[in-house]
Amino acid sequence: MNRLIFAISFLFLTNFCFGEKSKVDSLNHALSLEQDDFKKVDILAQLSEQCELIDNLKYASSSLSLIHKLKKTTKDTSLYNHLLAQEAGAYSFIGAYYGENNYYDNNKFYNSEKSVAYYTKSLQIYQQLKLWNKINDAYGFIDNLHVRTGNSYLQLLTYKSAIEFGKSNNNKIFVARYIYRLATFYARLGDFAKAMQYAEEGVALEKQINDPKRLAKGYELAGDLFARIKQEQKAIEFYHKSLEEYRKNNDSSQNVYVYFGLGTTYAKINNYDEANRYLKQALSLVDSSRGKNAFYLEVIVEIGRLEYQFGNYTAAFHYHQKALADCENSGFPGGIAVSSHELAKDLFRLKKFADAKKYAEKALAVKKSIASVEQIMGTEKLCYKIDSALGNHQSALLHYIEFTKLQNKLNLDEVQKSSIKDDLNKKFEQEKEKEQILLQRKEAEVAQEFKQQKLIRNSLLIGVVLLLLLAAIILRNYFIKKKHSTELVIKNNEILEQKHLIEEKQNEILDSIAYAKRLQHAILPPQEFVSAHLTNNFIFYRPKDIVAGDFYWAEKMNDLFFIAAADSTGHGVPGALVSIVCSNALNRAMKEFNLKETGKILDKTRELVVETFEKSASDVKDGMDISLLCIDLKNKTICWSGANNPLWYIQNNALISIKADKQPIGKTDAPKPFTTHVIELKEATTFYLFTDGLADQFGGPKGKKFKYKKFEELLLSIHEKPMQEQLAIIDLELNNWKGNLEQVDDICVIGIKM
């Protein structure tokens, strides 16, 4: 705890404003004269690094514009990779702008989501280039943002993501670094079992790395962690392992910290001799090699605490008095606070209450500006005891009240830690359930195919057995016939049991698919949500099977309302799986990447879908066709984009069709950016979004397709009717056309009257 206060004493802020301004002016002048775009990118990167934080967005955005232009024409691999590195750097500077600028407003953190998004873009490029130091920096920035916003779940996911990336690239040093951070994370939450697990896992990995210096440091870090979670024997074991490794490699530069850890740990288990021996060794090393720095003062204070612990109050007083004198000479406020507190304790035990009060109040005054709640609470309690001993009951009461307030706050912090830990466990259980559901779906498909093969095999086997039994019955005499009749009854019972088993398994499969239907419906927006924003609408949705490849999607962003009809590859269970991937990609494109233009939303959705399926070892070209409409509810304007599926709308009794881009949302040979169409909105306009299911349905007198021409005529004949009546007419028309024929595909039609 006190190491933090000593560290604060050494943090000084140096201001070079005039020098930095001069650099920025020089770079701006160089930028204005430079003609080469590649050199401009480099100058802009320097400007982003040297400028005030508020200017990061300006310079980094200019850099990105140039980089994106140059990437289209740059063929040289090294130049292209240099551009990628500069692009990642620009994203980092923008991330810093959103993460640091306007940092607090009424104690509420702002812009963290944008900051994380830009740092994530930067991280992805650095991962592509395998720039490990930059990768570590990016993870560190993201982790820091999650710490500031108090989002422990995202902080934990960041560590796990880093570990997974390190493992996939066989970088054990990188993995070990984040395993130690996981151990510290769980120790801070009070989950000591997991903290110990990850600490030991980190040491085991250091042994595989086989770098003696790293292994020694790993043992030291593990010792620090076990000491922190009150596993003193384990801590001592790892500290000694660390010393042994340092000795093997003739490296004693780090021994001072190990000696200090051993000294403080032996003190915790009341072993004075060992604690004193190791603390004195630490003191001799730090005094001779480093001078009187903060760590030297910390060792002095700990030796004084050891003497106090074993009742040697006069000796403790001399050590703490020496520490205070050095701290005051060096101007270390944290050291002054700690030393003064310890002196007050020593004098209290020596019954010099007036002097004790002077030092306690001095410690309290400094701690209130730099120390933690727990540290301030300890000094308030000490002041209460001293005033009580002096008979200053009113002052003692005030200190006791402050102590109680701080104690309640500390208890609340512990409750919050426990709540965070429970919330983390709950979230991971939910993620595990989702993974289990997807796994069960895949297993169900494999099991169904296996059961069909098994059923055919068993049927053939049973037929052969029955034929053999029948032949045996004909050839045998009466008694043998009687015996075999009994055997036949037994076999028939077995067959009946098999039949019941097959029926039971079939019901289980149907139940699983029915459950999958509920899961798929969970991604569809409720009718109430759509009607709350679009008063006159209908949604005609009829899957071919229990689950479907077709789906509809709607979301609202500020004054913009998005709605779409989509047709995923296939139908049934495979189509439903693809629809979940596509729906999730739409959500991410809008929410995570904050896209508002329909064409750009489809571009990003295609990128996310392709990225998802590229993880497969096989060549997966699944995706979807879609018609995506955006309605600006405030300005009454319409934007639309489509992948293979058109948009129809009716104005003045005329049907107008806007053709979609002839490419799917998925892997394609020559992808192009999707077009965003802006439509002038007039009164009494009805829009229709649809998939190809209705037009492709067979039926009628000759069993032919319904076709788009007949669909146009139907919509023109009903567009002036109320929306729910239109829905009923479409349903009736489809049923009459289909008759007794099977539905050939999923069907989705959405109508919106403005």
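Guide: Start with lysine 345. Its salt-bridge partner is glutamate 342, with the closest N and O atoms 3.5 Å apart. This is a predicted model. Both residues sit in helix α17, which spans residues 333-349. They are three residues apart, about one turn of the helix.

Glutamate 342 has a relative accessible area of 3%. The cut-off for buried is under 20%, so glutamate 342 counts as buried.

The pair does not stand alone. Glu342 and Lys345 belong to a network of salt bridges that also includes Glu302 and Arg305. Threonine 264 is placed in helix α13, residues 255-268. Its relative accessible area is 18%, so threonine 264 is also buried.

Next, a pair with a longer reach in sequence. Lysine 357 forms a salt bridge with aspartate 387, and the closest N and O atoms are 2.8 Å apart. The pair links distant parts of the chain, 30 residues apart. Lysine 357 lies in helix α18 (residues 353-370), aspartate 387 in helix α19 (residues 373-390). Both lysine 357 and aspartate 387 are buried.

Arginine 247 forms a salt bridge with glutamate 244. Here the closest N and O atoms are 3.6 Å apart. Both lie in helix α12 (residues 232-248), three residues apart, about one turn of the helix. Arginine 247 has 49% relative accessibility and counts as partly exposed. Glutamate 244, with a relative accessible area of 37%, is partly exposed as well.

For the wider setting, step back to the whole. The structure holds 25 salt bridges. The chain has 26 helices and 14 strands. Of its 754 residues, 42% are buried. Among contacts with a separation of 6 or more, 64% join residues 24 or more positions apart.

The accessible surface of the chain comes to about 40,100 Å², and carbon and sulfur atoms account for 53% of that. Leu397, Leu398 and Ile401 make a nonpolar surface patch of about 280 Å². Leucine 398 lies in helix α20, residues 393-475. With a relative accessible area of 53%, leucine 398 is exposed.

Technical notes:
Residues numbered from 1 in each chain as written. Predicted model: local features only at pLDDT ≥ 70, side-chain atom pairs only at ≥ 80, totals over all residues. Heavy atoms only, no water. Helix = DSSP H or I, 4+ residues; strand = E, 2+ residues; numbered from the N terminus. Buried < 20%, exposed > 50% of the residue type's maximum accessible area, 1.4 Å probe, protein only. Contact = heavy atoms within 4.5 Å. Areas by Shrake-Rupley, 256 points an atom, 1.4 Å probe, with all protein chains shown as cover. Patch = residues over 30% accessible without salt bridge, like charges linked within 9 Å, V, L, I, M, F, W, Y side chains within 5 Å. Salt bridge = Lys/Arg side-chain N within 4 Å of Asp/Glu carboxyl O.
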